[in-house]
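Take a walk through this model, one element at a time. Start with a helix, then move on to the strands.

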Amino acid sequence: MEDSEADPAAILGVIRAETDAWLQRDFEAWADHWVQSPQTRRMEAWVSLGVRVDEGWDAIAARIKKIVERFPEKHTFAGRVRWEKVNVVIDRDMAWVTFDQIGSDTGEDRKRQLRILHRIDGVWKIGCAVVMECTVEEASCPLIEVDADVRILWTNRLARERMLGHPGLAAAAGRLRARRRERDVGLRDAVRSAFCELQSQRPLNVVPKQAWAVRLGEDAAGVSLYCWVLLEDGRVLISFDDAETIERRIACAREVFSLSPAQTRLARLIIDGLELAAASDVLQVSVNTLRTQLQRIFDKTGVRSQAALVRTLLSTEAPTK
């Protein structure tokens, strides 16, 4: 049996009507678009709440009724919700749809969604829904999404603002580049490593969150500039101009490598680009004392150069519990 060309439109119409009924807090209209069976499933993954699975129509209906009663405010689909990356696949009386939904009753957030539908007596019904929260758009630091060739795919508002005249990064021909050519190799290598990790078969949750620090040189005042290549929401992202990240990673490194307060202060100055002589003036201790402290830091971290030390310190995440 060949599927009608109208089927994709009908399927998307069902999902849209189900979403609109939810926004209108019309439980009966919402429920009418679902397969009301013990095999029906609704799954959600939230950064703050974790994963929830409702098994069977009775459990799903009971939960949705409670939410409707608790949050009765009505919204409209138009102007509130939009879809991106819509993909519809149909095989006889089964169909699955994936899409990104931007906006909802809770705000201008992005959720990655999957719907599996079953055609019953000629009518498409939802048998399974998966909703996964994305948090990248809400980040408080500049973020740029890139592909394996460092082509820019997406930027958040902070990145668009700070990229203008940025001393360490630049966009050229649609690609992200380090302004200093000698630093560009490190950026490309870090992106390549991130994609290798992303495409591997190893679950990302078996190790601490991956991040690759890249030194971009110095600004006009001589302060060292860094960016980080990150894995978030199944994407490769580049973060920069993020002082909070530097402080957090130093604090993590202090815990992971058991650095003393004096060693931590020295490590922070090395990250800022100071040589031992300059650090000696800042800390009011001798260069020989700092050499001894630096050697002990090397021993604890397993590196043998200041450049490797900086990469290690700025790539350290808190250990998983």
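Which residues on the other side of α3 are exposed? They are D58, K66, E69 and R70. Exposed means over 50% relative accessible area, buried under 20%, and partly exposed in between (1.4 Å probe, protein chains only). Before going further, note that this is a predicted model, in which local features need pLDDT of at least 70, side-chain atom pairs count only at pLDDT 80 or more, and totals for chains, interfaces and linings use all residues. Residues are numbered from 1 along each chain as its sequence is written, and side-chain values use heavy atoms, with hydrogens and water left out.

Helix α3 spans residues 57-70, 14 residues in total. Helices (H or I, at least four residues) and strands (E, at least two) are DSSP runs, numbered from the N terminus. From first C-alpha to last, α3 reaches 20 Å, close to the 20 Å expected at 1.5 Å a residue. That expected span is 1.5 Å times one less than the number of residues. The buried residues of α3 are W57, I60, A61, R63, I64 and V68. They lie on the same side of α3 because they cover an arc of only 165° around the axis. The arc is taken from the directions that run from the helix axis to the C-beta atoms. These buried residues pack against α1 (7-23), α2 (27-31), β1 (41-46) and β2 (50-55). Contact here means heavy atoms within 4.5 Å.

Now follow R63 into β1. E44 lies in that strand. With 7% relative accessibility, E44 is buried. Its side chain makes a polar contact with the side chain of R63, at 2.9 Å. A polar contact is a pair of N or O atoms within 3.5 Å; within protein, one must be able to donate a hydrogen and the other to accept it, and residues adjacent in sequence count only if both atoms are side-chain atoms. Leaving aside neighbours within four places in sequence, E44 touches G50, V51, R52, R63 and V131.

Next come β3 and β4. Strand β3 (residues 82-91) pairs with β4 in the antiparallel sense over 8 bridges. Two strands pair if DSSP finds at least two bridges between them. E84 has D100 in β4 as its bridge partner. The hairpin has 2 residues between the strands, and R92 takes a positive phi near 60°. In β4, 8 of the 11 residues are buried, so the strand is largely enclosed by the rest of the structure.

Q101 lies in β4 (residues 94-104). Q101 is buried, at 7% relative accessible area. The side chains of Q101 and W83 make a polar contact at 3.3 Å. Their C-alpha atoms are separated by 4.7 Å, though the two residues are 18 apart along the chain. Beyond four places in sequence, the residues that Q101 touches include T19, V81, D109 and R110.

A171 stands opposite L176 in β10. There are 2 residues between these strands, and A173 in the turn has a positive phi of about 55°.

Finish at the open sheet. Its 5 strands run in the order β8-β7-β13-β12-β11, with antiparallel pairing. The edge strands, β8 (152-155) and β11 (211-218), each pair on one side only. Within the sheet, β12 (residues 224-232) and β13 (residues 235-240) pair over 6 bridges. L231 stands opposite V236 in β13.
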